[in-house]
Amino acid sequence: MCTDPSELSACDLAKSIASRQVSAVEVVERYIERIEAINPRINAIVSFVPERALREAQLCDARLSKGELIGPLHGVPMAFKDNHDVAGLPTTYGSRLYRGNIARSDSFCVDSLRKAGVVTLGKTNIPEFGAGGHTYNDLFGLTSNPWDTGRSAGGSTGGGAAAVSAGISALADGSDVAGSLRVPAAFCGVLGLRPSVDAGCFSPSTPSVFPLRVVGPIGRCVADLALAMTVMSRSDLRAPMSSDRLSRELSRQEVALRSDVSRLNIAYSEDVGGLMEVDEEARFAVKYAAAAFSSLGCEVAEACPDFSGAGEAFRTLRAWDFEVRLGKIVRSNPGQVRQVIVDEVAVGAALTGSDIARAIESQSATYHRTRIFFEKYDLLILPVSPVGPFDNSREVPLSPSGHEYVTYIDWLEACFVITVAGNPALSMPVGVCSNGLVRSVQLVGQHRDELGLLRAAQAFEEMVFPAGRLELKPDIDLD
């Protein structure tokens, strides 16, 4: 076994604790040491609770000594996203308005992860109310990219992605609407999975008809994502769209991530069917991934679904969601919420029933066009972002040609058209560019086929990283 627990994947860490090769206390002590040394440089973990983590680790060890294994993540340490409730800890949403908001109970996904044995390290930083692809707020400040602390860690799960990348949280939980799992994972050189809506239901408090927001994991390898989803995918009558379908699929004894992918038909598009301007490194990453799958024996062709109307539908439904979730907060606290949130709420408040009906109709049309596309193809390779990690001083990157984006979410279109289509999607690193930063691709699976997506990603991972995916890590260590 590796002598440093922080060098292990979550899967191997769980196995090592369960087999008593290392104690949960030893693991947590190592993570605390790393957090104290590294976190001041990247500001990924907020509301850090080392004493609580040690108490929970001691309980894990005590139960294991009695032959009791809490669950598949017994003793694995992680910090939770700061818009997910953890009983006894602040849930601030990255907002000064919620500085003293202490959660009384665990949120949907936190409850699942803690019941599986996870040890709580604290919370991870987010942009205010999770709005944005760059993680900073007036309460906790800026989260930096472990690969280059002058660059963005992405958002809104920037704190979680940076923490996993830097080896100070074994896993991260995230939420995704416009790419909040996929973009920060891509920027920080780790993996992020946006599952289908039924497999990643956000919480019982989410409007039951809102079709865009899901929760999912960030991990350091494909196997970690699969392990996390075995416990995060669950059914609860309080959440009408929730299902334990994926958990049951992944928990079957005969299921293996390694499989023959040589018969897959794979499509790729460097610019999302001409929808986006992307930089040369994004194009290269997509072509590189397509060539890798071709060398595995797959049939690979340049093709893309028709996403016309998906962007407009997304913007309408997203604005409606802002009004539903944040309208009262914004109007009750003038001048105390970021202007971009105020503006989004105003758009949502001005929507008519006809506007929302047209958006739902357009989303349905996008879903069916994409469904028909995937009758021919098993996988679609797209860029995650048109640009790589950008300068921390900017809220939004410049376009590849150096222009300002019209709105602060326009650069996320490669992700949010997939959100509208409803497919599961995975952000996957392909390697390090000449500037020392990681570039990734977005692997998009057939509807409700996370298992097929994970298997394709596993084959890609083993080919591109023969020495192991964890060999790709930032140079940000204790010394």
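Where is arginine 99 found? It is in the loop between strand E2 (77–81) and helix H4 (108–115). Helices here are DSSP runs of H or I with at least four residues, strands are runs of E with at least two, and both are numbered from the N terminus.

Before going on, the ground rules. This is a predicted model, so local features need pLDDT of at least 70, side-chain atom pairs count only at pLDDT 80 or more, and totals for chains, interfaces and linings use all residues. Residues are numbered from 1 along each chain as its sequence is written, and side-chain values use heavy atoms, with hydrogens and water left out.

Back to arginine 99. Its relative accessibility is 52%, so arginine 99 counts as exposed. The cut-offs: buried is under 20% relative accessible area, exposed is over 50%, and partly exposed is in between, with a 1.4 Å probe and protein chains only. Arginine 99 touches Pro90, Thr92 and Leu139, not counting residues up to four places away in sequence. Contact means heavy atoms within 4.5 Å.

Next, serine 156. Its place is the loop between strand E7 (148–152) and helix H5. Is serine 156 buried or exposed? Buried, because its relative accessibility is 2%. Leaving aside neighbours within four places in sequence, serine 156 is in contact with Lys81, Asn125, Ile126, Pro127, Gly130, Gly132, Thr135, Ser175 and Ser180. Look at the backbone too. The peptide bond from glycine 155 to serine 156 is cis, with omega near 10 degrees. For background, most peptide bonds are trans, and most residues other than glycine have a negative phi.

Serine 47 has a positive phi, near 50 degrees. You'll find serine 47 in the loop between strand E1 (45–46) and helix H3 (50–65). Arginine 448 is not a glycine either, and its phi is positive at about 60 degrees. That residue lies in the loop between strand E15 (438–445) and helix H14. Arginine 448 counts as exposed because its relative accessibility is 60%.

Now H5 itself, residues 158–165. It is mostly covered, with eight of its eight residues buried. Among them are Gly158, Ala161, Val164 and Ser165. After H5 comes glycine 167, with a positive phi near 70 degrees.

On to the strands. Which way do E11 (residues 265–268) and E12 (residues 299–302) pair? In the parallel sense, over four bridges. Pairing needs at least two DSSP bridges between the strands. Asparagine 265 stands opposite glutamate 299 in E12. From E11 the chain goes through helix H9 (residues 280–295) to E12, a right-handed β-α-β crossover. Right-handed means that, with the strands pointing away from the viewer, the path from the first strand over the helix to the second runs clockwise.

E11 also runs parallel to E13, joined by three bridges. Alanine 267 has leucine 380 of E13 as its bridge partner. E13 and E15 run antiparallel, with five bridges joining them. There, leucine 380 stands opposite valine 444 in E15. And E13 (residues 379–383) is covered on both faces: Leu379, Ile381 and Pro383 are buried on one side, Leu380 and Leu382 on the other.

Last, helix packing around H14 (residues 450–464). H9 packs on H14 at about 95 degrees, with axes 10 Å apart. Axes are lines fitted to C-alpha atoms, for helices over the stretch in contact, and angles run from 0 to 180 degrees between N-to-C directions. So H9 and H14 are roughly perpendicular. Under 35 degrees counts as roughly parallel, over 145 as roughly antiparallel, 65 to 115 as roughly perpendicular, and the rest as oblique. The H9 side of the contact includes Tyr288 and Phe293, and the H14 side includes Phe460 and Met463.

Helix H7 (residues 222–232) also packs on H14, at about 155 degrees, with axes 9 Å apart. H7 is therefore roughly antiparallel to H14. Val222, Ala223, Leu225 and Ala226 of H7 meet Leu454, Ala457, Gln458 and Glu461 of H14.

That's the tour. Questions, please.
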